[in-house]
Amino acid sequence: MQTTPATSTQSPSKGAADAILLELVDENGVTIGTAEKLAAHQPPGQLHRAFSVFLFDERGRLLLQQRALGKYHSPGVWSNTCCGHPYPGEAPFTAAARRTFEELGVSPSLMAEAGTVRYNHPDPDSGLVEQEYNHLFVGLVQAAPRPDPEEVGDTAFVTAAELAERHAKDPFSSWFMTVLDAARPAVRELTGPSAGW
């Protein structure tokens, strides 16, 4: 099986022929193998490499996305700008830039590494488990999002205060606060103290 499919991201992955491989890692983020995407998320979950992107506009507002209702994992919930998994052997930075464009139709005007975080988050609705070694990225976006409706249901730019209000009333991904909190030092450095992050 080809481990870095050139075309699988252009069409929805609905069948075995479109199976996507993830990179399995140890607790230090060292690659130890691969697993099919859905299999890696079955309980108890297999620790795999992932990424999370946080993009901000010139006013210091965070771009959120609502995951499309057709997604098998955490459909319809709000989450950070973009998150996903590198193909085996693909650099996390490259994967983050690629998926941000594929999902939202924008390329960051600036994107920087913001550390890593390891977590284990079961999703009670789907029964799937996120066992991830997650590479974090923060950056700036200057173009209006043009989301792929198969990936993204809606988008919103929010201030820190607006995020707190939205988080209190709307469903968010189980991993959202974990990755945001881990990225906060880099977010504050990027947006400045007045943005309130």
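## Contacts of L62 and the nonpolar cores

In this predicted model, L62 touches F54, L55, F56, T81, A156, F157, V158, L163, F176 and W197, leaving aside residues up to four places away in sequence. L62 also belongs to the largest nonpolar core, which has 24 residues. Within that core, F54, L62, L64, L163 and F176 touch the most other members. Strands β3, β4 (62–67), β7, β8 and β9 (152–158) each give two or more residues to this core, as do helices α3 (160–169) and α4. The largest share comes from α4, with six residues.

## Aromatic pairs

The count of aromatic pairs is three. One of them joins F56 and W197, whose ring centres are 5.6 Å apart. The planes of F56 and W197 stand at 75° to each other, an edge-to-face arrangement. F56 lies in strand β3 and W197 in the segment after α4 (176–191), so the pair ties together parts that are 141 residues apart in sequence. F56 counts as buried because its relative accessibility is 0%. W197 is buried too, with a relative accessible area of 6%.

F93 and F137 have ring centres 5.7 Å apart and planes at 80°, so this pair is also edge-to-face. The pair links distant parts of the chain, with F93 in helix α2 (residues 92–104) and F137 in strand β8 (residues 129–140), 44 residues apart.

## A charge over a ring

W78 has a charged residue over the face of its ring. That residue is R166, and the distance to the ring centre is 4.5 Å.

## Salt bridges

Side chains of opposite charge can pair when their charged atoms come close. The structure holds twelve salt bridges. In one of them, the side chains of R49 and E23 meet at 2.6 Å, N to O. R49 lies in strand β3 (residues 48–56) and E23 in strand β1 (residues 21–25), so the pair ties together parts that are 26 residues apart in sequence. Both R49 and E23 are buried.

Another salt bridge forms between the side chains of R118 and E27, with an N to O distance of 2.8 Å. Which parts of the chain does this pair tie together? R118 is in strand β7 (residues 110–122), while E27 is in the loop between β1 and β2 (31–36), so the linked parts are 91 residues apart in sequence. R118 counts as partly exposed because its relative accessibility is 31%.

The side chains of K169 and D170 also meet in a salt bridge, at 3.4 Å from N to O. K169 is exposed, with a relative accessible area of 63%. D170 has a relative accessibility of 22%, so it counts as partly exposed; the buried class needs a value under 20%.

Some charged residues are linked in a network of salt bridges. Its members are K71, E90, R98, R99, E102, E103 and E151.

Key. Residues are numbered from 1 along each chain as its sequence is written. This is a predicted model: local features need pLDDT of at least 70, side-chain atom pairs count only at pLDDT 80 or more; totals for chains, interfaces and linings use all residues. Side-chain values use heavy atoms; hydrogens and water are left out. A salt bridge is a side-chain nitrogen of Lys or Arg within 4 Å of a carboxyl oxygen of Asp or Glu. Helices (H or I, at least four residues) and strands (E, at least two) are DSSP runs, numbered from the N terminus. Buried means under 20% relative accessible area, exposed over 50%, partly exposed in between (1.4 Å probe, protein chains only). Rings of Phe, Tyr and Trp (its six-membered ring) pair if their centres lie within 6.5 Å; planes under 30 degrees apart count as stacked, over 60 as edge-to-face and the rest as tilted. A charge sits over a ring if NZ of Lys or CZ of Arg is within 6 Å of the ring centre and within 35 degrees of the ring normal. A nonpolar core is a set of buried Ala, Val, Leu, Ile, Met, Phe, Trp, Tyr and Cys residues joined through side-chain atoms within 4.5 Å. Contact means heavy atoms within 4.5 Å.
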